[in-house]
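I set out to look up how one protein chain is folded. These entries record what I looked for and what I found.

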Amino acid sequence: MLRLAQLGTRIVYFEGNHDFHMGPYFTETLQAEVHPGPAIINIDGKRVFLCHGDQINHRDYGYTLLRAVLHSHVSKLMILLAPVALTSFIAERMSRQSSRKHGSRRLRWDYPAIIRRFARHQFKRGCDTVICGHFHMPFIERSGSDDDGILLSLGDWINQYSYAELVDGHLSLRVFS
């Protein structure tokens, strides 16, 4: 990411379930715009709702509680005071446990339906486009013939290499090869 920043790329980062309390490296070194939660950003005259996506499933009460604890000021202070080796160990362990539960969560929740329902709500609030990640399910849907009412679920950049691209006002879902 440092190379992208050095090339003048605007980096907008949305914290989520595995990455939060981003520090000075992101905000100062990379000059990244860091959002701890969702944001509506004006892009090319369109209201674009952007989010990590981990807060979309309002019925996942266990995760909602865990997120509140992990994103709290107390947690941030504890992370700053604890040795880096300890916080890294805990983070890696929690990430592995989360990954192991991914399949069972897909069976329990209808993620595409949850994402679409959430997007419809944002469209009713006046957003033209909704972009989210978190679910590792890349897809793009357009409700109309123009570039309004676009829902884009990013997938991921670790296994699927999917990303969004905006060129000349047209949003597309791409795969890096």
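The entries below go from the whole chain to single residues.

**Entry 1. Ground rules.** I note that this is a predicted model, in which local features need pLDDT of at least 70, side-chain atom pairs count only at pLDDT 80 or more, and totals for chains, interfaces and linings use all residues. Residues are numbered from 1 along each chain as its sequence is written, and side-chain values use heavy atoms, with hydrogens and water left out.

**Entry 2. The whole chain.** I looked up the secondary structure and found 7 helices and 9 strands. Helices (H or I, at least four residues) and strands (E, at least two) are DSSP runs, numbered from the N terminus. Of the 177 residues, 34% count as buried. Buried means under 20% relative accessible area, exposed over 50%, and partly exposed in between, with a 1.4 Å probe and protein chains only. I also looked up contacts (heavy atoms within 4.5 Å). Among contacts between residues at least 6 apart in sequence, 48% join residues at least 24 apart.

**Entry 3. The nonpolar cores.** A nonpolar core is a set of buried Ala, Val, Leu, Ile, Met, Phe, Trp, Tyr and Cys residues joined through side-chain atoms within 4.5 Å. In soluble globular proteins, nonpolar side chains tend to be buried together. Which members of the largest core touch the most other members? I found Phe-49, Cys-51, Ile-56, Tyr-111, Ile-115, Phe-135 and Leu-151, in a core of 16 residues. Two or more residues each come from β4 (46-51), α7 (111-124) and β5 (129-132). The largest share, 5 residues, is that of α7. A second, separate core has 9 residues, among them Ile-41, Ile-131, Leu-152 and Leu-171.

**Entry 4. Helix α7.** I then turned to α7, which has 14 residues and reaches 20 Å from its first C-alpha to its last, close to the 20 Å expected at 1.5 Å a residue. The expected span is 1.5 Å times one less than the number of residues. Which residues of α7 are buried? They are Tyr-111, Pro-112, Ile-114, Ile-115, Phe-118, Ala-119 and Gln-122. Seen down the helix axis, the buried residues of α7 fall within an arc of 160 degrees, so they line one face of the helix. The arc is that of the directions from the helix axis to the C-beta atoms. After α7 comes Gly-126, whose phi is positive, near 100 degrees.

**Entry 5. Phe-49 and the aromatic pairs.** Rings of Phe, Tyr and Trp (its six-membered ring) pair if their centres lie within 6.5 Å; planes under 30 degrees apart count as stacked, over 60 as edge-to-face and the rest as tilted. By this rule I have 4 aromatic pairs. Phe-49 and Phe-118 form an edge-to-face pair, with 5.4 Å centre to centre and 65 degrees between the planes. Phe-49 lies in strand β4 and Phe-118 in helix α7, so the pair ties together parts that are 69 residues apart in sequence. Phe-49 is buried, at 5% relative accessibility, and Phe-118 is also buried, at 13%. Leaving aside neighbours within four places in sequence, the contacts of Phe-49 include Pro-38, Ile-40, Gln-122, Cys-127 and Val-130. Elsewhere, ring pairs link Tyr-13, Tyr-25 and Phe-26 into a cluster.

Entry 6. Strands β8 (residues 162-167) and β9 (residues 170-175) pair in the antiparallel sense over 6 bridges. Two strands pair if DSSP finds at least two bridges between them. Ser-162 has Val-175 as its bridge partner in β9, and Tyr-163 has Arg-174. Tyr-163 and Arg-174 are 11 residues apart in sequence and 5.3 Å apart in space, C-alpha to C-alpha. Tyr-163 is partly exposed, at 31% relative accessibility. The hairpin has 2 residues between the strands, and Asp-168 takes a positive phi near 50 degrees.

Entry 7. Most residues other than glycine have a negative phi. Where is His-134 found? I located His-134 in the loop between β5 and β6 (139-142), with a positive phi of about 75 degrees although it is not a glycine. His-136 lies in the loop between β5 and β6, and its phi is also positive, near 60 degrees. His-134 is partly exposed at 23% relative accessible area, and His-136 is partly exposed at 34%.
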